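Subject: Handing over a structure

Dear colleague,

I am passing on to you a structure that I have been reading through, and below it you will find my notes. Please look at it for a while before you go on to the text.

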Amino acid sequence: MERKNNKQPKLHIKGGDTVKVLAGDDKGKTGKVLSLNLEKRRAIVEGLNMVTKHVKPTATNPQGGIEKKEAAIHISNLMLVDPKSGEATRTGRKKGENGKLVRYSKKTGEVING
């Protein structure tokens, strides 16, 4: 996917947001966004989309074994949770008091911090 002007895409979620999963094995669950990969348009959500990883023994981890960790989810499968009502909501953008763009909930009209 090519972008003009090398600008970052305007996403409906940011790191630290609480999101709801719309599709996949964890459909309906909510969690906090830990990190975003803008190139791949994927997010890692705390406690969701857990995968099993086999780890070889190393000097720092002599035991090795099997680890559970979060895998990335495509952002199209995530929806922001409204901080006021606690329900999933679409987001919009409007100019705030200081003239900068702010995100707001389409359900309640509440400005979303972050």
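I begin with His-54, which counts as exposed because its relative accessibility is 62%; here buried means under 20% relative accessible area, exposed over 50%, and partly exposed in between, with a 1.4 Å probe and protein chains only. Before going further, please keep in mind that this is a predicted model, in which local features need pLDDT of at least 70 and side-chain atom pairs count only at pLDDT 80 or more, while totals for chains, interfaces and linings use all residues. Residues are numbered from 1 along each chain as its sequence is written, and side-chain values use heavy atoms, with hydrogens and water left out.

His-54 belongs to strand E4, residues 50-55, where strands (E, at least two residues) are DSSP runs numbered from the N terminus, as are helices (H or I, at least four). Not counting residues up to four places away in sequence, His-54 touches Gly-65 and Ile-66, contact being heavy atoms within 4.5 Å. The C-alpha atoms of His-54 and Lys-68 are separated by 8.8 Å, although the two residues are 14 apart along the chain.

Turning to the sheets, strands of a sheet pair through backbone hydrogen bonds, either parallel or antiparallel; two strands are said to pair if DSSP finds at least two bridges between them. E6 pairs with strand E3 (residues 42-45) over 3 bridges, and Arg-42 has His-74 as its bridge partner in E6.

Another open sheet has 3 strands in the order E8-E9-E10, again antiparallel, and its edge strands are E8 and E10 (111-112). Strand E8 (residues 91-95) is joined to strand E9 (residues 101-105) by 5 bridges, while 2 bridges join E9 to E10. Arg-103 takes part in both pairings, being the bridge partner in E9 of Arg-93 and having Ile-112 as its own partner in E10.

Where does the side chain of Arg-103 make a polar contact with the side chain of Asp-17? That question leads to the segment before strand E1 (18-21), which is the place of Asp-17. The two side chains make this polar contact at 2.8 Å, the term meaning a pair of N or O atoms within 3.5 Å, of which, within protein, one must be able to donate a hydrogen and the other to accept it, and residues adjacent in sequence count only if both atoms are side-chain atoms. Asp-17 counts as buried because its relative accessibility is 6%.

Finally, the structure holds 4 salt bridges, each a side-chain nitrogen of Lys or Arg within 4 Å of a carboxyl oxygen of Asp or Glu. One of them joins Glu-110 and Lys-84 (3.7 Å, N to O); Glu-110 lies in the loop between E9 and E10 and Lys-84 in the loop between E7 and E8, so the pair ties together parts that are 26 residues apart in sequence. Glu-87 and Lys-107 also meet in a salt bridge, at 3.1 Å.
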